[in-house]
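Please consult the sequence and structure shown here while reading.

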Amino acid sequence: FDIGQPINPVTGEINLGTDTSMVGATCTPWVRVNFILGPWSSPSDTTLYYGRTWLQAYNEIINGFVEKGIQVYALIGAEAYSYPAGILEQYPGADSSASVAWLDQYTYNFIQIVDYFKDRVHVFESYNEPNNWTNSSTAIVHPAWFALMLQNIYLNAKLFNGHNVDPAWQQVTLVSGALFTFDLNTGGSYIIDTYWYGKNVFAWDWTYAQTGSYPLDGFGQHIYVEQGSSDVAVIGTAMNTNLNDYWNNIYVYETDLNKKILI
């Protein structure tokens, strides 16, 4: 079950789609919650909208699911910090300092949210569909910036500030933002480029040496294939094509076979 907009992004009002009775009636064991910022300036903003701070609003949402025995899969994407259009499309880009500044603030918000909810939520996914196109044929996040984003999140969650010896932080699973894949794009080229930039431009090998892992615990993937088809065999073949190519490109560089694709 996917709740893409748990609060109204303008007013901060909790949306009716988060009603635990309604979600529970689907018998789903998991719900994907998008931690959007809405009208607040940051997750720590104490301004009241509809009588709640950002943290109070999301505490109400998350506690409702947890109390019903529904596990939460958290998406902390671009809506967790205001995203200036086009800023990450090119690497290094026209204004790399602005790109780095955005990534720093996004990472800060990401880590704040993980810190608030890691006692109840254990799976956190980053930027949603970074390889999706904008108005042209360009990915909204260049794989180099995606590599740096994953590195920043991982180091701040799993290593820095004593988190490497804190079980509460070590139990957190960090999933790469789910790639958009369809009949003509398996996500394989984007993920292998992400690893290449991570290892050859940024500090992924150092991260591996310090943490025992490249900076992600799992691989997000969205699969849109054979849209409109009702042929199970055709759909299954297309899905397997995307899964296999994505997996094979991941393991050109990845070494930990225990990491999984999360769809």
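A residue is called buried under 20% relative accessible area, exposed over 50% and partly exposed in between (1.4 Å probe, protein chains only). The model is predicted: local features need pLDDT of at least 70, side-chain atom pairs count only at pLDDT 80 or more, and totals for chains, interfaces and linings use all residues. Residues are numbered from 1 along each chain as its sequence is written, and side-chain values use heavy atoms, with hydrogens and water left out.

**Ser-126**
- Ser-126 has 2% relative accessibility and therefore counts as buried.
- Ser-126 lies in the loop between β4 (123-125) and α4; helices (H or I, at least four residues) and strands (E, at least two) are DSSP runs, numbered from the N terminus.
- Beyond four places in sequence, the contacts of Ser-126 (heavy atoms within 4.5 Å) include Tyr-106, Phe-146 and Val-175.

- A nonpolar core is a set of buried Ala, Val, Leu, Ile, Met, Phe, Trp, Tyr and Cys residues joined through side-chain atoms within 4.5 Å.
- The largest such core has 64 residues, of which Phe-35, Phe-124 and Met-149 touch the most other members.
- Its largest share, ten residues, comes from α4.
- Because 15 of its 16 residues are buried, α4 is largely enclosed by the rest of the structure.

**Strand β6**
- β6 (residues 218-224) has six of its seven residues buried, so β6 is largely enclosed by the rest of the structure.
- β6 pairs in the parallel sense with β5 over six bridges; pairing requires at least two DSSP bridges between two strands.
- Val-175 stands opposite Gly-218 in β6.
- β6 also pairs in the parallel sense with β7 (residues 260-262), over three bridges.
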